[in-house]
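Hi,

Here is the structure I promised to pass on.

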Amino acid sequence: MKALVFNGVGDIRLEEVDLPKILNDNDAIVRVTLSAICGTDLHLVRGTVGQMQKGTILGHEAVGVIEQIGKAVRNFTVGDRVIIPSTVACGFCPSCRKSNFSQCLESNPNGPEAGTTFFGGPKSSGPLQGCQAEYVRVPFASVNLVKLPEEVSDHEAILLSDIFPTAYFGADIAKVGPGKVVVVLGCGPVGQFAITSCKLLGASRIFAIDNIGSRLDLARKQGAECINFNEEDPTEIIKELTKGTLADIVIDAVGVEAEKPSSGPAKKEGEKLKKEFQQELESIAPKLNVQGKQWKPGDAPSQALRAAVGMAAPGGTISIIGYYPPELDAFPIGQAMNKNLNIVMGNCPHKKYIPLLLEKVRIGVVDPTTILSQERTLEEIVEAYKHFDLREEGWIKVAIKP
Ligand SMILES: NC(=O)c1ccc[n+]([C@@H]2O[C@H](COP(=O)([O-])OP(=O)(O)OC[C@H]3O[C@@H](n4cnc5c(N)ncnc54)[C@H](O)[C@@H]3O)[C@@H](O)[C@H]2O)c1
Ligand SMILES: [Zn+2]
Ligand SMILES: [Zn+2]
């Protein structure tokens with residue numbers, strides 16, 4: 001079959017590989033009917049998170065049709081249409097029983113202390129072969145597949161695999177609710193769905209921050225109050241628009257590849273931290289493979305974290321769902337401590353939220369397809385990655401059809 005294979009940092013190729021096989025009784029083989037490229041995939045290819053193993057098939061977002069099942073899988077049959085949640089959970093360990101599925105103690109081949117297991121990730125996450133392929137093996141399939149109702153299309157379902165649940169998780173753990181003033185840092189797909197989720201949970205004001213015009217336009221269409229960090233100083237604007245009271249909740253939907261402002265009044269503040277940012281980047285990404293403008297990592301790993309602490313009201317909450325590798329230890333802890341901030345964060349326990357959000361999509365409360373900006377075939381996937389990597393205007397979320 002065809003699959004997108006990681007060959008090294010900045011080196012991904014569409015290759016002919018062996019078909020996946022059932023290895024355990026609780027496995028299923030799914031024929032992928034739609035997958036997608038995620039901001040997390042860019043971290044992996046640019047080399048900013050974790051050690052990737054050569055030969056790993058990328059991709060952790062997919063919908064498909066069950067082609068084969070192991071004999072321990074009793075709740076599905078061949079031919080069922082399913083969503084594949086990005087993270088893998090066993091469904092019976094103590095973590096899973098607390099619905100903390102992304103900290104499953106059974107599913108990671110590296111052992112119970114290895115942390116989150118997900119498709120197409122670094123060595124520490126399995127590694128499991130990913131879904132940017134024609135077929136994928138899903139372990140613990142009775143727990144790790146969600147059946148798709150007939151009336152929900154693949155295009156509606158693909159964002160339920162990772163992005164929408166992650167964003168909703170970020171809002172849920174921060175206790176977004178009626179009356180809350182929320183800042184969403186980053187207007188990529190996760191940021192867009194963080195705005196959607198805050199609306200669903202009743203937030204009264206949602207500020208959205210980015211520097212890409214088309215992404216801010218989409219955020220504004222959703223009703224967010226938008227700020228371009230290359231034109232204005234976001235912290236100052238939020239202070240001004242809240243009469244100095246700042247935000248109850250700040251959701252970091254940026255992660256480790258944050259950029260510092262390159263123009264406007266916030267540029268000076270970012271420049272002051274240039275040396276720190278450079279050191280952070282060296283510590284997390286010792287091996288880069290920048291080719292011109294391609295595969296260039298963000299220049300300010302802790303920028304979004306620092307901004308979040310600055311924008312949160314005393315006693316407020318920061319919710320970190322943007323991805324940070326274990327190697328990053330830069331966080332303005334003193335400032336956060338002295339503001340009595342609550343900090344919540346983590347990898348999304350997808351299985352916890354997908355059924356709830358799937359129902360919202362099924363009954364038409366949310367139309368996730370508005371976030372899908374491009375569709376390409378598996379044959380075109382390397383080119384699609386390259387466009388997406390360049391942060392081009394209008395490229396928000398790319399669906400991939402095998
Ligand atoms: N916690 C989880 O379980 C989980 C799941 C999925 C994705 N993620 C992570 O969430 C993050 C966002 O994912 P995505 O697919 O939306 O990625 P993305 O790269 O498309 O979006 C990030 C956005 O942040 C913007 N940005 C950069 N610097 C900024 C700054 N200083 N202030 C405000 N905005 C800034 C970028 O312009 C971009 O639009 C990534 O780090 C991804 O790995 C985490
Ligand atoms: Zn993803
Ligand atoms: Zn488990």
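Predicted model: local features only at pLDDT ≥ 70, side-chain atom pairs only at ≥ 80, totals over all residues.

On the contact between them: domain 1 puts in 32 residues and domain 2 puts in 31 residues. If you look at the side of domain 1 that touches domain 2, three helices each supply at least two residues: α1 (39-46), α13 (350-362) and α14 (381-389). Of these, α1 gives the largest share, with five residues. Sorted by class, that side of domain 1 comes out as 14 nonpolar, 10 polar and eight charged residues.

Now the ligand, which I guess is the part you'll want to open up. Which residues are closest to ligand 1? They are G39, G186, G188, G255 and Y323, out of 31 residues that surround ligand 1. Here α1 turns up again: along with α6 (189-200), β9 (205-210) and α11 (303-311), α1 gives two or more residues to the shell around ligand 1. So far as domains go, the shell takes at least three residues from domain 1 and at least three from domain 2. By class, the shell around ligand 1 has 15 nonpolar residues, 12 polar ones and four charged ones.

In short, α1 is one helix to look at from both angles: α1 supplies residues to the side of domain 1 that touches domain 2, and α1 also supplies residues to the shell around ligand 1.

Cheers

Methods. Residues numbered from 1 in each chain as written. Chains lettered and ligands numbered in written order. Contact = placed C-beta atoms within 7 Å. Helix = DSSP H or I, 4+ residues; strand = E, 2+ residues; numbered from the N terminus. Nonpolar A, V, L, I, M, F, W, Y, C, P; charged D, E, K, R; others polar. Near = placed C-beta within 6 Å. Domains from an automatic or database assignment.
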